[in-house]
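Thanks for making the time, everyone.

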Amino acid sequence: MYSTTCALIAAVPLLLAFFLMVLFNTSASKSVGISFLLTIILVLFVWKVDLLTTAAYAIYGLLKAVDLLLIVAGAIFLQNTLKSAGLMDVIRSGFKRISPDPRIQAIIIAYLFGAFIEGSAGFGTPAALAAPLLVGLGFPAVAACVVSLISNSTPVPFAAVGTPTLTTISNITSQLEASGVSTDAFTSAVTHKVCFYLGIGGIVVPLLLVAVLALFFGSERKLRSITEMIPFSILAALTFIVPYYLLGTFLGSEFASIIGSIIGMLLTVLAAKFRILVPKYVWHFKNSNTNVEQNLEEVPTKKQFLLAWTPYFSIALLLLVTRVSAFGLKDILKGITININNILGVDGLNFAFPWAYNPGIFPFIFVALITALCCRLSGKRIVQVAKSTGRQMANLTIALVAGVAMVQIMMNSGVNTSGLNSMLSQISQLMVDIVGSAFPYMSPVIGIFGAFVSGSCTVSSTLFGPLQYETAELLSLSTSTIIALQITGGALGNMICINNVVAVTSTTNAPGREGHIIRLCLLPCLIYCAIVWAVYMFAGI
């Protein structure tokens, strides 16, 4: 049974999370946690689902979140290990010597290196690493923050080897099974469409970086400073976007960002080194002293460079051999599982954890520990790295666990004695009544909104993915298209999400400038979204 009143009541937990984060500046963990508790109250007393069933689906959501959190923890642990071993300093030092032009530095470091960090770690790490590196090169703090945030968009759906995309689909597996849809086929379709939407729009991202720098941080030749960079910007974009699209479409969500960015970095660095399509004029920030040499550290040796990059190349190789079926390891690893059947006695509510296939365990933690041994990090240092990782994970853990559990309860609240449709079904029907066939244009906006308030594409899609899927079914729209648009919007929302903005300002000593930074990032976000709309409209996928 559907009613507008019940639909509005069902929407309260999601709206509450939004208002707590936006109007009262409450953290994502507290906001989603409070919404989770409210969902339980509504399910028990309005939808009249029995306590045991409610608890069972909450536990099921917790187990699904643990699987995802291991990926994030492994990625951050690897990143912290490299920093503790001094390998990140070696990587940064190499980037400083590629070009004296801040426009090219922004493209290589914020756009391409940031995409690589996003593909391997994700969750706000790229902007937090790229921004201070750019400040070290002489960028004003606000400029470094803005270009780092704008760049953190195209690679986001495939962060930490595909976590946002895989999380979204993992959270709707019961809906896919009910619709008789193959999870693998659906994953492939969604990945292809995300690559298509973000890939075409992503071609303009390097030029957007140049435009922001020239218009807001330059003093002269503003228009020419943009137009003369068009050839190099497009070249840099294509070196990443083309492999990004092909890898995502034919190999899967694990590879698009991490390997695509490696290819893009190598080709773009070579182009910059050999001055291919590089403008003769070297642009500078206003009020900068062009006669002062940049403060460069001692040049690392080739051995140091090789050691610094070996963990990343090892991860790319291990992912390749364990994710491509032709090597024969994929099915073996996926078959090694921990199974929990009939959770709390609820018949058919089963959870399978393929721990050997979890990239957080292998290769992230595995490679991190091998790297620590090779760099002779002491046991005490490794423990410190683990503690630091735990502190970084704290807020995300609460938000993701509460978010996944809340959505699972909302999805399955139709098993009740009240006769009401599930909470998500109620909300979906309300959205159908309000928006109708124009829903695909609203879909990425919902994704942007979710990422803005939660600070994560993963959390955005966790909260709204099942809702969008159900709405698509009610409207007889392509469910893979709508989910792809949701993930795409979640990626674009990373440009302006509060958590990322706070992270970059804290690493660049620019506190208090968050509002100004969001305003500078908002127009590029809207431009990218408009391109996605156009791609959907004219491409028909």
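The buried residues of helix H8 are Ala 159, Ala 160, Val 161, Gly 162, Thr 163, Pro 164, Thr 165, Thr 167, Thr 168 and Ile 169, where buried means under 20% relative accessible area, exposed over 50% and partly exposed in between, with a 1.4 Å probe and protein chains only. This is a predicted model, in which local features need pLDDT of at least 70 and side-chain atom pairs count only at pLDDT 80 or more, while totals for chains, interfaces and linings use all residues. Residues are numbered from 1 along each chain as its sequence is written, and side-chain values use heavy atoms, with hydrogens and water left out.

Helices here are DSSP runs of H or I with at least four residues, numbered from the N terminus. Because 10 of the 12 residues of H8 are buried, the helix is largely enclosed by the rest of the structure.

Turning to the cysteines, how many disulfides are there? The count comes to zero, a disulfide being a pair of cysteine sulfur atoms within 2.5 Å. The sulfur of Cys 145 lies 8.7 Å from the closest cysteine sulfur, that of Cys 521, which is too far for a bond. Cys 497 is in no disulfide either, its nearest cysteine sulfur, again in Cys 521, being 9.9 Å away. Cys 145 is buried at a relative accessible area of 0%, and Cys 497 also counts as buried, at 0%.

Finally, the surface: Ile 230 is found in helix H13, residues 230-250, and is partly exposed, with a relative accessible area of 31%.

How values were computed
Helices (H or I, at least four residues) and strands (E, at least two) are DSSP runs, numbered from the N terminus.
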